[in-house]
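Subject: Structure handover

Hello,

I am passing on the structure we discussed. Please look it over alongside the notes that follow.

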Amino acid sequence: MIKSNLHTHSYYDDGKDSIDEMVQTAADKGFTVLGFSGHAYNPIDDGSMTPEKTEAYRQDVLRCKKNPPSGMEIFLGIEEDSMNPVNPDDYDYVIGSVHFLKKDGQASPIDYSKERFEKMLAEEWNNDIYAMSEAYYQAIKAQAHNDRMQIVGHIDLIAKYNDDEKYFRFDDPKILAMAKEAVIALIEAGKIFEMNTGAISRGYRSSAYPSDPILDLICQNGGKLLINTDCHNREYLDLGINECLDRARKAGFKELYTLTRDGFVPVSIDEFQG
């Protein structure tokens with residue numbers, strides 16, 4: 001059986017734990033695949049790793065990768081923000097995420113806090129959630145041309161604070177049309193989508209990214225899928241994996257992707273456990 005997470009943070013960025021603590025917890029919880037994905041350096045993101053911390057992070061993960069717990073493979077990844085490219089040769093894989101939107105030359109974070117999100121929506125987008133969403137999904141779509149990345153990070157991050165559908169319905173046809181355009185482009189580029197439970201552990205969402213309508217879009221159009229927990233606290237390393245497996249099956253997925261020494265491979269969904 002496979003128990004996997006490739007979206008893991010540590011105290012080198014905005015995570016809580018050391019690399020060793022995370023590895024030990026993964027071993028205790030029966031993980032067979034653990035990938036670290038620290039936030040790549042972004043000068044406007046206080047939660048990202050500095051160049052000095054990035055190198056320390058790389059060496060720390062590589063040390064653990066050489067001597068993993070029995071039955072576990074460890075991989076060195078990075079989470080790249082769309083505005084700041086990384087050197088993919090330094091990593092086993094890259095998660096590509098859109099955390100910032102640029103308007104009139106000003107880049108603002110969409111997931112810093114609900115208060116910051118509402119200020120951005122009001123002041124930069126005139127409370128037009130459709131215009132803001134269009135800009136977001138166009139930025140997501142552009143990731144199809146990002147040859148550095150393999151995994152699309154939390155594709156509907158713009159809905160982080162929308163659990164009560166305050167800003168839009170998850171099945172809003174206008175929103176889904178924007179998302180579908182991005183999904184199709186990313187599928188054609190061979191990218192892998194993640195189900196991501198990170199917002200559940202931090203109390204923002206009751207279910208993993210993406211919403212069911214977008215998950216259905218990915219499945220119906222032949223997209224690739226894997227499950228990640230976007231873990232910032234080792235206590236939640238396997239949070240929500242079983243629920244994601246259930247949702248993926250309900251959407252129609254028969255296989256999920258995992259990372260091996262030979263790269264990403266599809267495996268029957270029945271081989272995965274939470």
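A residue counts as buried when its relative accessible area is under 20%. The model is a predicted one, and all values below are computed from it.

Lysine 191

By that cut-off lysine 191 is buried, because its relative accessible area is 6%. The residue sits in the loop between α5 and β8 (192–196). Leaving aside residues up to four places away in sequence, lysine 191 touches Gln143, Ala144, Asn146, Asp147, Met149, Gln150, Val152, Leu186 and Lys224. Tyrosine 130 is 61 residues from lysine 191 along the chain, and the two C-alpha atoms are separated by 25 Å.

Helices α4 and α5

Leu186, one of the residues touched by lysine 191, also takes part in the contact of α5 with α4. Helix α4 covers residues 129–142 and helix α5 residues 173–188; their axes cross at roughly 10° and come within 8 Å. Since angles under 35 degrees count as roughly parallel, α4 is roughly parallel to α5. On the α4 side the contact involves Tyr130, Ser133, Glu134, Tyr137, Gln138, Ile140 and Lys141. Facing them in α5 are Lys174, Ile175, Met178, Ala179, Glu181, Ala182, Ala185 and Leu186. Sorted by class, the contact of α4 with α5 has 9 nonpolar, 2 polar and 4 charged residues.

Helices α7 and α8

Helix α7 (residues 212–220) packs with helix α8 (residues 241–251) at an angle of about 55°, and the axes are 9 Å apart. At that angle α7 and α8 are oblique to each other, and their crossing is right-handed. Asp212, Leu215, Asp216 and Cys219 of α7 make the contact with Arg247, Ala248 and Ala251 of α8. These residues of the contact of α7 with α8 divide into 4 nonpolar, no polar and 3 charged.

Cysteines

How many disulfides does the count come to? With a disulfide taken as a pair of cysteine sulfur atoms within 2.5 Å, the count comes to 0. Cysteine 64 is in no disulfide, and the nearest cysteine sulfur, that of cysteine 231, is 15 Å away. Cysteine 64 is also buried, at a relative accessible area of 5%. For cysteine 244, the closest cysteine sulfur is likewise in cysteine 231, at 14 Å, which is too far for a bond. Cysteine 244 counts as buried too, because its relative accessibility is 1%.

Regards

Conventions: Residues are numbered from 1 along each chain as its sequence is written. This is a predicted model: local features need pLDDT of at least 70, side-chain atom pairs count only at pLDDT 80 or more; totals for chains, interfaces and linings use all residues. Side-chain values use heavy atoms; hydrogens and water are left out. Buried means under 20% relative accessible area, exposed over 50%, partly exposed in between (1.4 Å probe, protein chains only). Axes are lines fitted to C-alpha atoms, for helices over the stretch in contact, and angles run from 0 to 180 degrees between N-to-C directions. Helices (H or I, at least four residues) and strands (E, at least two) are DSSP runs, numbered from the N terminus. Angles under 35 degrees count as roughly parallel, over 145 as roughly antiparallel, 65 to 115 as roughly perpendicular and the rest as oblique. A crossing is left-handed if the near helix is turned anticlockwise from the far one by less than a right angle, and right-handed if clockwise. Contact means heavy atoms within 4.5 Å. Ala, Val, Leu, Ile, Met, Phe, Trp, Tyr, Cys and Pro count as nonpolar, Asp, Glu, Lys and Arg as charged, and the others, Gly among them, as polar.
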